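Here is a briefing on one helix and the nonpolar core around it. Please view the sequence and structure first.

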Amino acid sequence: MAGAGAGGLSAKVVFGLRAWDEEVGRFHPLSPPRARAQNARKLIEGGKQPLKWVNCKPDGPIPLPGCRKLYVPLGKSAPSEAPYGLVFLLVRRRDTLEWTFVAFGERHPSNSKTRNVYERAYKRINGRYPGLR
Amino acid sequence: MAISIRKLSVGDIVEVDGRHYEVVPTRDGELTLEPPITPMDELHAIEGTEPASAEEFERLSGHVPYDDEG
């Protein structure tokens with residue numbers, strides 16, 4: 001668990017075991033995306049890295065209301081420098097609010113068959129990929 | 001010997017060599033297998049959480065910028 005970092009926010013960041021395993025564990029242990037995700041998590045949980053949060057769009061082709069994201073590597077924004085993203089959903093646990101981790105993946109996959117991080121987040125939240133019944 | 005055909009539908013979970021895969025549609029309308037993504041409803045039950053409200057999101061994240069991505 002970690003503080004939410006920059007922005008004067010009061011909700012902590014939580015990485016659930018199952019979501020982390022499904023999103024990051026699907027990559028080979030020595031692969032770049034897995035290493036990038038693990039490093040980003042370490043920095044987030046360390047609480048010393050300023051976090052450049054961006055809200056996810058609540059509408060459009062992949063609506064993700066209640067979500068915000070971080071680009072990975074942390075601190076970078078351009079897709080060429082930060083090809084991955086972490087998506088978090090605001091949830092309530094009793095009397096506290098948390099940003100719970102929901103998806104990790106490529107922002108703009110070069111392989112057209114690969115689902116991007118927003119599609120993965122949508123599927124976790126809605127139970128199906130966007131555009132499907 | 002007759003070949004036994006197993007019928008699968010979108011959303012079915014199958015086990016292959018001890019690993020679980022979900023039947024999911026591709027963008028092209030085909031079907032493929034991929035590691036399952038546990039839905040948030042199930043994670044809420046596991047983690048003891050519930051969805052936050054739109055007002056709570058606005059209070060915590062109203063000042064955070066958007067971009068043109070997702």
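The points below cover conventions, a helix and the core.

This is a predicted model: local features need pLDDT of at least 70, side-chain atom pairs count only at pLDDT 80 or more, and totals for chains, interfaces and linings use all residues. Residues are numbered from 1 along each chain as its sequence is written, while chains are lettered from A and ligands numbered from 1 in the order in which they are written.

**Helix H2(A)**
- H2 of chain A spans residues 32-46, 15 residues in total. Helices are DSSP runs of H or I with at least four residues, strands are E runs of at least two, and both are numbered from the N terminus.
- Its buried residues are Arg36(A), Ala37(A), Ala40(A), Arg41(A), Leu43(A) and Ile44(A). Buried means 20 or more other C-beta atoms within 10 Å of a residue's own, exposed means 12 or fewer, and C-beta atoms are placed from the backbone.
- Seen down the axis of H2(A), these buried residues fall within an arc of 165°, so they line one face. The arc is taken over directions from the helix axis to the C-beta atoms.
- On the other side of H2(A), Lys42(A) and Gly46(A) are exposed.
- Just after H2(A), Gly47(A) has a positive phi of about 75°.

**Nonpolar core**
- The largest nonpolar core has 41 residues. Such a core is a set of buried Ala, Val, Leu, Ile, Met, Phe, Trp, Tyr and Cys residues joined through C-beta atoms within 7 Å.
- Val87(A), Phe88(A), Leu90(A), Val102(A) and Ala121(A) touch the most other members.
- S4(A) gives the most to this core, with seven residues.

Notes
The expected span of a helix is 1.5 Å times one less than its number of residues.
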